[in-house]
Structures are given as C-alpha cells and as structure tokens.
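Here is a friendly walk through the model you are about to see. Have the sequence and coordinates open as you read.

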Amino acid sequence: MATNRWLRPEVYPLFAAVGVAIGICGLQLVRNMRINPEVRVSKEKRAAGVLDNFEEGQKYAEHAVRKFARSRPPEIFPSLNRFFSDPQKN
C-alpha cells in the first residue's frame, strides 16, 4: 500500500532530481577527502598542524574543468550573440 503511494510516475522526476543532488554531494565529498590539501583524515597528517603548501593548493584549485573554461570565451551562445550584435553580416 505504501509502495503505491510513493512509486507513481508523477514522482519519478523528483526521485531523479534528489538522486542527482545526492550523487553530486557524494562526489564532492569524496573529492575533498581524497585530494584537498587542507583535509587530513589520517592521524599522522593531522599532527603536522598548519602547512604552507602553496603548490599543492594551486594544483587542487587549478583542476581540468577550470583550465578548460578559462580558455573558452565567456559566452553561452556565441553564434546567437554574433547574430544579434552584428546584423550586417547576416
């Protein structure tokens, strides 16, 4: 009876959205635990205190997505922007 109440086709998009949000949060959590230089899980690394590791922080901050986005123009629809900004060419 409870299964019929919650597993209707109208609820599937809600389950999908919540599932994607949980997945993104889980991936970010794992990413931070594995490669963030400021997060130390092991006891030996925590005992080191505050470290000045600028190179490791730069490596973490300059990931592949950020490097790719930096080389792209800051436009969402470049062809549409060109169409409306320069009507003589069209």
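R34 is exposed, because its relative accessibility is 69% (buried means under 20% relative accessible area, exposed over 50%, partly exposed in between, with a 1.4 Å probe and protein chains only). R34 sits in helix α2; helices are DSSP runs of H or I of at least four residues, strands are E runs of at least two, and both are numbered from the N terminus. Between the C-alpha atoms of R34 and A21, 13 residues apart along the chain, the separation is 20 Å.

This is a predicted model, in which local features need pLDDT of at least 70 and side-chain atom pairs count only at pLDDT 80 or more, while totals for chains, interfaces and linings use all residues. Residues are numbered from 1 along each chain as its sequence is written, and side-chain values use heavy atoms, leaving out hydrogens and water.

## Overall layout

The protein has six helices and zero strands. Its radius of gyration is 23 Å, well over the 12 Å that the globule rule gives for 90 residues, so the protein is more spread out than a compact globule. (That radius is taken over C-alpha atoms, and the rule is 2.2 Å times the number of residues to the power 0.38.) A box of roughly 65 × 55 × 15 Å along the principal axes holds the C-alpha atoms.

Of the 90 residues, 4% count as buried. The protein exposes about 8600 Å², with carbon and sulfur atoms supplying 63% of it; areas come from the Shrake-Rupley method with a 1.4 Å probe, and for residues only the protein chains shown count as cover.

In the model, residues 12-30 are 100% helix and 0% strand, with the end C-alpha atoms 27 Å apart.

N36 lies in the loop between α2 (12-35) and α3 (43-46). N36 counts as buried because its relative accessibility is 16%. Leaving aside residues up to four places away in sequence, N36 touches R31 and Y60 (contact means heavy atoms within 4.5 Å).

## One salt bridge

How many salt bridges does a search of the whole structure find? The search finds one, counting a side-chain nitrogen of Lys or Arg within 4 Å of a carboxyl oxygen of Asp or Glu. E62 pairs with R70 in a salt bridge, their closest N and O atoms being 2.7 Å apart. E62 is partly exposed at 24% relative accessibility, whereas R70 is exposed at 53%.
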